[in-house]
Amino acid sequence: MDSAGNPRGWLPRYSLVAGIILLILLVSYIVVPKKVAAPGGTSALPVAGQVVTYTASGFSPDTLTITKGSVVTFKNESGNDLRVASNPHPIHDTYPTRGGCISSTFDSCDTIAPGASWSFQFNILGTWGYHNHVNPTDTGVIVVQ
Ligand SMILES: [Cu+2]
């Protein structure tokens, strides 16, 4: 028995405070929302840009699916010149915006030298085939959904 007449001293009060703190921690752990992965396991953050790499093996990925308004950067990592252009070769008119050097604006027009890149924003839904105008058997597809 202590001087205040409490038979168990400070221990019960200390245990009560510790219990309250533990309860608060437990409740906050349960209540605070956790980060949840988007369907498919990918990040829910918007993708700032997409990259297609061109090497001696061609375009990679050869099919890229993006959302409308996305910018795709075509990087030339081959040792040869690259010119990205809408199919079909050589008239480049499948992608429907006009005003490019031949027809579609989906046409780099200038050569993309080894080590350089060129970007294009896809604002029209659809499946858009393209090729390397310098070597037209190298092809790829951009799917805009
Ligand atoms: Cu072409």
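Biologist: What is the mean pLDDT of the chain, and how many of its residues reach 70 or more?
Modeller: The mean is 82, and 67% of the residues reach 70 or more. pLDDT is the predictor's confidence in each residue, on a scale from 0 to 100. This is a predicted model, where local features need pLDDT of at least 70, side-chain atom pairs count only at pLDDT 80 or more, and totals for chains, interfaces and linings use all residues. Residues are numbered from 1 along each chain as its sequence is written.

Biologist: Where does pLDDT stay under 50?
Modeller: Over residues 32-46. For this stretch the model has two contacts beyond four places in sequence. A contact means that the C-beta atoms of two residues, placed from the backbone, lie within 7 Å.

Biologist: How many helices and strands does the chain have?
Modeller: The chain has one helix and eight strands. Along the sequence the pattern is α-β-β-β-β-β-β-β-β. These elements are DSSP runs numbered from the N terminus: helices are H or I with at least four residues, strands are E with at least two.

Biologist: How do you know that β7 and β8 pair?
Modeller: Two strands pair if DSSP finds at least two bridges between them. Strand β7 (residues 126-132) and strand β8 (residues 135-144) are joined by seven bridges, so under that definition they pair. They run antiparallel. Asn132 stands opposite Asn135 in β8. A hairpin of two residues links β7 to β8.

Biologist: In what sense do β3 and β8 pair?
Modeller: In the parallel sense, over four bridges. Thr63 stands opposite Val141 in β8.

Biologist: What order do the strands have in the sheet with β3 and β8?
Modeller: The order is β3-β8-β7-β5, in an open sheet with mixed pairing. β3 (63-66) and β5 (84-86) stand at the edges. Each has a single partner strand, so one side of each is left without a neighbour in the sheet. The twist averages 30 degrees from one strand to the next. For such angles, axes are lines fitted to C-alpha atoms (for helices over the stretch in contact), and values run from 0 to 180 degrees between N-to-C directions.

Biologist: Why is Trp118 called partly exposed?
Modeller: A residue is buried with 20 or more other C-beta atoms within 10 Å of its own, exposed with 12 or fewer, and partly exposed in between; C-beta atoms are placed from the backbone. Trp118 has 18, so it is partly exposed.

Biologist: Which residues is Trp118 in contact with, leaving aside neighbours within four places in sequence?
Modeller: Phe74, Val84, Ser108 and Ile112. Trp118 itself is found in strand β6. Trp118 and Phe74 are 44 residues apart in sequence, and their C-alpha atoms are 5.3 Å apart in space.
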